[in-house]
Amino acid sequence: MANFEQQQGLARSRTVFGAALVAMIFGGCYPKTAAAPAAISPGSVTWAAEKFPGSTEASLAAGRETFLAKCNGCHGYPDLMATSDEEWPAIMERMGGKSDLDAEKTKGALQYVLAARHP
Ligand code: HEC
């Protein structure tokens with residue numbers, strides 16, 4: 001019959017295995033998080049005006065408000081720099097759905113995020 005030390009060892013390896021499994025399942029997909037982003041910079045406004053004609057400081061600020069209100073509901077605020085410009089649109093589409101954003105708000109949040117990446 002297993003002695004106490006062996007049982008403790010087994011319990012410990014089960015804990016380690018369980019933690020590794022959880023890390024494998026969630027590690028790749030949850031975002032790297034960061035502090036709530038600061039107000040949009042003039043550089044970002046200029047970058048966005050060229051990239052998204054019709055965007056303004058006000059529209060980007062509204063996108064930021066959406067981001068601040070919705071994007072820490074399930075995880076912390078995602079680190080905007082940890083995801084590339086190319087990856088953001090598909091991810092925002094998915095996360096906008098999770099956040100019950102309509103198409104307009106999803107677009108606003110995406111334009112804000114991309115602009116904030118280019119201060
Ligand atoms: C209802 C819960 C929920 C809300 C609200 C939410 N997320 Fe997420 N988010 C998740 C979950 C769960 C994952 C990990 C699984 C996945 O990627 O779908 C995730 C993953 C992510 C990732 C990493 C994705 C990857 O593939 O690298 C980013 C970035 C992200 N979220 C951004 C956002 C943004 C931006 C918002 C606000 C518009 C938001 N999330 C709102 C649940 C949520």
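The legends below describe close-up views of a predicted model.

**View 1. Crossing of helix 3 and helix 5.** Helix 3 spans residues 57–70 and helix 5 spans residues 103–116. Their axes come within 7 Å and cross at roughly 100 degrees. Angles of 65 to 115 degrees count as roughly perpendicular, and the two helices are therefore roughly perpendicular to each other. On the helix 3 side, the contact is made by Ser-59, Leu-60, Ala-62, Gly-63, Arg-64, Thr-66 and Phe-67. Helix 5 contributes Lys-105, Gly-108, Ala-109, Gln-111, Tyr-112, Val-113 and Ala-115. By class, 7 of the contact residues are nonpolar, 5 are polar and 2 are charged.

**View 2. Helix 3 and its buried side.** The end C-alpha atoms of helix 3 are 20 Å apart, which agrees with the 20 Å that its 14 residues should span at 1.5 Å a residue. Buried residues in helix 3 are Leu-60, Gly-63, Arg-64, Thr-66 and Phe-67. These residues lie on the same side of helix 3, because they cover an arc of only 155 degrees around the axis. Helix 2 (42–51) and helix 5 are among the elements that cover them.

**View 3. Surroundings of Gly-96.** Gly-96 is part of helix 4, which runs over residues 88–98. A residue is buried if 20 or more other C-beta atoms lie within 10 Å of its own; Gly-96 has 21 such neighbours and so counts as buried. Leaving aside residues up to four places away in sequence, Gly-96 touches Leu-101, Thr-106 and Ala-109. Ala-109 also belongs to the contact of helix 5 with helix 3. Lys-70 is 26 residues from Gly-96 along the chain, and the C-alpha atoms of the two are separated by 8.7 Å.

Terms used
Residues are numbered from 1 along each chain as its sequence is written. This is a predicted model: local features need pLDDT of at least 70, side-chain atom pairs count only at pLDDT 80 or more; totals for chains, interfaces and linings use all residues. Axes are lines fitted to C-alpha atoms, for helices over the stretch in contact, and angles run from 0 to 180 degrees between N-to-C directions. Helices (H or I, at least four residues) and strands (E, at least two) are DSSP runs, numbered from the N terminus. Angles under 35 degrees count as roughly parallel, over 145 as roughly antiparallel, 65 to 115 as roughly perpendicular and the rest as oblique. Two residues are in contact if their C-beta atoms, placed from the backbone, lie within 7 Å. Ala, Val, Leu, Ile, Met, Phe, Trp, Tyr, Cys and Pro count as nonpolar, Asp, Glu, Lys and Arg as charged, and the others, Gly among them, as polar. The expected span of a helix is 1.5 Å times one less than its number of residues. A residue is buried if 20 or more other C-beta atoms lie within 10 Å of its own, exposed if 12 or fewer, and partly exposed in between; C-beta atoms are placed from the backbone. The arc is that of the directions from the helix axis to the C-beta atoms.
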